[in-house]
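Here are my notes on this one, for your set-up. Have a look at the model below, then go through the points in order.

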Amino acid sequence: DGLVTCRHGIAVGVTVADCIPLFAYDPERQVAGIAHCGWRGIASGIIREFTNRLVEAGCDLKRATFLIGASIGPCCYQVGQDLIEAFSSEIIQAHCYRRGGSIYLDLKSIVAQELMMRGVDAQKISIDKTCTSCQKSVLISFRASGPECGRMLAIIAS
C-alpha cells in the first residue's frame, strides 16, 4: 500500500507494526508520499510502483529525500525458507545473515538498494536503525507481541 499527494496541506499515511514506513518528499514540487513496505510488497515491486507514482505526481527522484522508518531490524527478523524463495538470490546473498542456524533478513537495506536502483541518490536516503521488536515497550511489534498488538500510524504531508 502506498499514497502520494502533490496537494499542499494534505496528509497521507499508512499503518505498520514491524513493516517499513517509507517516506518520500520533494520540497521543490511539494510532492509527498508514503508506502507500507512489508516483505511481500517489497518482493512484489512496491518500491518500483511507489517511485513511479511519485514521478507521475511531478517528483524528481534525484531531488527527493527518503526516510526508511522504524521497523523490525535484521537483529530480530528471523525468516524461513518460504520468505527466502520470494527474493532473488542476489538480494538474499547481500541482505541475509545466518546466526546459530537461523536466517535473518535486513529489509531496510533491501529498500535502500531498491531506491538506489530507481535513481535515488544514496545521500538522500536516511535509515532509522530503530528495531520495533527490540523496542516493543515503546513501539508496536507484531512479531514480538502478536497480532493483537495494535498498529502505528505513519503520516507525511507536503
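1. Terms first: helices (H or I, at least four residues) and strands (E, at least two) are DSSP runs, numbered from the N terminus. On that reading, alanine 35 belongs to strand β4, and β4 covers 31-37.

2. Ground rules. The model is predicted, with local features needing pLDDT of at least 70 and side-chain atom pairs counted only at pLDDT 80 or more, while totals for chains, interfaces and linings use all residues. Residues are numbered from 1 along each chain as its sequence is written, and side-chain values use heavy atoms, with hydrogens and water left out.

3. Overall picture. The protein chain has 6 helices and 10 strands. Its radius of gyration is 15 Å, close to the 15 Å of the globule rule for 158 residues, so the chain is as compact as a globular protein of that length. (That radius is taken over C-alpha atoms, and the rule is 2.2 Å times the number of residues to the power 0.38.) Along the principal axes, the C-alpha trace spans about 50 × 35 × 25 Å.

4. Burial and surface. Buried means under 20% relative accessible area, exposed over 50%, and partly exposed in between (1.4 Å probe, protein chains only). By that cut-off, 46% of the 158 residues are buried. The chain exposes about 8,100 Å², and carbon and sulfur atoms supply 50% of that; the areas come from the Shrake-Rupley method with a 1.4 Å probe, and for residues only the protein chains shown count as cover.

5. A contact is heavy atoms within 4.5 Å. Of the contacts with a separation of 6 or more, 67% come from residues 24 or more positions apart. As for charge, the mean positions of the 16 positive and 15 negative charges are 2 Å apart. Lys and Arg count as positive and Asp and Glu as negative, with His and the chain ends not counted; each charge is placed at NZ of Lys, CZ of Arg, CG of Asp or CD of Glu.

6. What does serine 158 contact, leaving aside its neighbours within four places in sequence? The list is Arg7, His8, Gly9, Ile10, Tyr25, Gln30 and Ala32. Serine 158 sits in the segment after β10 (152-157) and is buried at 11% relative accessible area. Between serine 158 and alanine 32 there are 126 residues of sequence separation but 5.4 Å in space, C-alpha to C-alpha.

7. Polar contacts at that end. These are pairs of N or O atoms within 3.5 Å; within protein, one must be able to donate a hydrogen and the other to accept it, and residues adjacent in sequence count only if both atoms are side-chain atoms. A polar side-chain atom of serine 158 is 3.1 Å from the backbone oxygen of arginine 7, and one is 3.3 Å from the backbone oxygen of glutamine 30. Glutamine 30 lies in the loop between β3 and β4, is partly exposed at 31%, and has a positive phi near 55 degrees despite being a residue other than glycine.

8. Threonine 5 is in strand β1 (residues 2-5) and counts as buried at 7% relative accessibility. The threonine 5 side chain reaches the backbone nitrogen of arginine 7 at 3.1 Å. Beyond four places in sequence, threonine 5 touches Ile10, Val12, Gln30, Val31 and Ala32.

9. Check the backbone at aspartate 18. Aspartate 18 is not a glycine, yet its phi is positive at about 110 degrees. Aspartate 18 lies in the loop between β2 (11-16) and β3 (20-26) and is buried at 7%.

10. Helix α5 (residues 107-117). Why call α5 largely enclosed by the rest of the structure? Because 8 of its 11 residues are buried, among them Lys108 and Glu114. At the start of α5, a side-chain oxygen of aspartate 106 comes to within 3.2 Å of the backbone nitrogen of lysine 108. Just after α5, glycine 119 has a positive phi of about 105 degrees.

11. Two opposite cases. Alanine 35 is buried at 0% relative accessibility, with contacts including Val14, Leu22, Ile46 and Phe50. Glutamate 148, in the loop between α6 (142-145) and β10, is exposed at 76%. Glutamate 148 and valine 55 are 37 Å apart, C-alpha to C-alpha.
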